[in-house]
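Visitor: I am new to this structure. Could you take me through it step by step?

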Amino acid sequence: MSTLLLSVAVLLCISATLNVFTIFQLRRTSDAYASLNNAPLPSELPLTVGDATLEFIFGKHYNITNDAEWATLIPPNQGRVRLGAEEEEFDVAMYTDLQCLDTIRAAYVRMRDGSRVPSPAAEACLGHVRQTILCTADITLEPAWVTCKDGECPVSSAVATGEFVDHKCRDWVQVRNYVQDNQAAWVGAS
């Protein structure tokens, strides 16, 4: 019996050791991508992004049919950056998210205006935006009633809109500046 217990104990120790090793390897490899030449690359921009506050206000900009204004949200080259010694190209998730939102917006406008042509891109983007919202996990509390500010109320409705509520965010201006500076270094590199 003691040999059986000893064998089980040894197997449990080996299993636990392998599990710890595997977890360590997964954590280590999830922090970076492998480049084309297997050199490690960061999984995020090499940038410390400060906090920002965004007061949600609706209806003043980014009208659903204003293609030109929506286009200003995304810098040239779809917000793409080049990183690493090989200058491999990456899309910044914030801009992928905005492009997806714009794709959904444009598909909605086409459908609203009578088009019956399905948009596989909009369907894929809907899943992408859903996952981004879950990933961000914004825990800001929004009143469950309509909020007014300085005599201005959102659409009159009994439904809460989240308008005039401050959300703690990351400074998207810093991200845009980094992307634009990174792209400016591309000149002559292409």
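Visitor: Which pattern does the protein follow, read along the sequence?
Guide: This is a predicted model. Its secondary structure comes to five helices and six strands. Read along the sequence, these elements follow the pattern α-β-β-β-α-β-β-α-α-β-α.

Visitor: How far does helix 5 reach from its first C-alpha to its last?
Guide: Helix 5 covers residues 172-184, and it has 13 residues. At 1.5 Å a residue, the expected reach is 18 Å. The model comes close to that, with a reach of 18 Å.

Visitor: Where do the buried residues of helix 5 fall, seen down its axis?
Guide: The buried residues are Val175, Tyr178, Val179, Asn182 and Gln183. An α-helix has 3.6 residues a turn, so residues three or four places apart point the same way. On the other side of helix 5, Asp181 and Ala184 are exposed. The buried residues line one face of the helix, because they fall within an arc of 130°.

Visitor: Is Tryptophan 172 buried, partly exposed or exposed?
Guide: Tryptophan 172 is found in helix 5. Buried would need under 20% relative accessible area, and exposed over 50%. Its value is 35%, so Tryptophan 172 is partly exposed.

Visitor: Which residues make the nonpolar surface patch of about 240 Å²?
Guide: Trp172, in helix 5, is one of them. Val173 and Leu54 also belong to the patch.

Note on methods. Residues numbered from 1 in each chain as written. Predicted model: local features only at pLDDT ≥ 70, side-chain atom pairs only at ≥ 80, totals over all residues. Heavy atoms only, no water. Patch = residues over 30% accessible without salt bridge, like charges linked within 9 Å, V, L, I, M, F, W, Y side chains within 5 Å. Areas by Shrake-Rupley, 256 points an atom, 1.4 Å probe, with all protein chains shown as cover. Salt bridge = Lys/Arg side-chain N within 4 Å of Asp/Glu carboxyl O. Helix = DSSP H or I, 4+ residues; strand = E, 2+ residues; numbered from the N terminus. Buried < 20%, exposed > 50% of the residue type's maximum accessible area, 1.4 Å probe, protein only. Expected span 1.5 Å × (residues − 1). Arc of directions from axis to C-beta.
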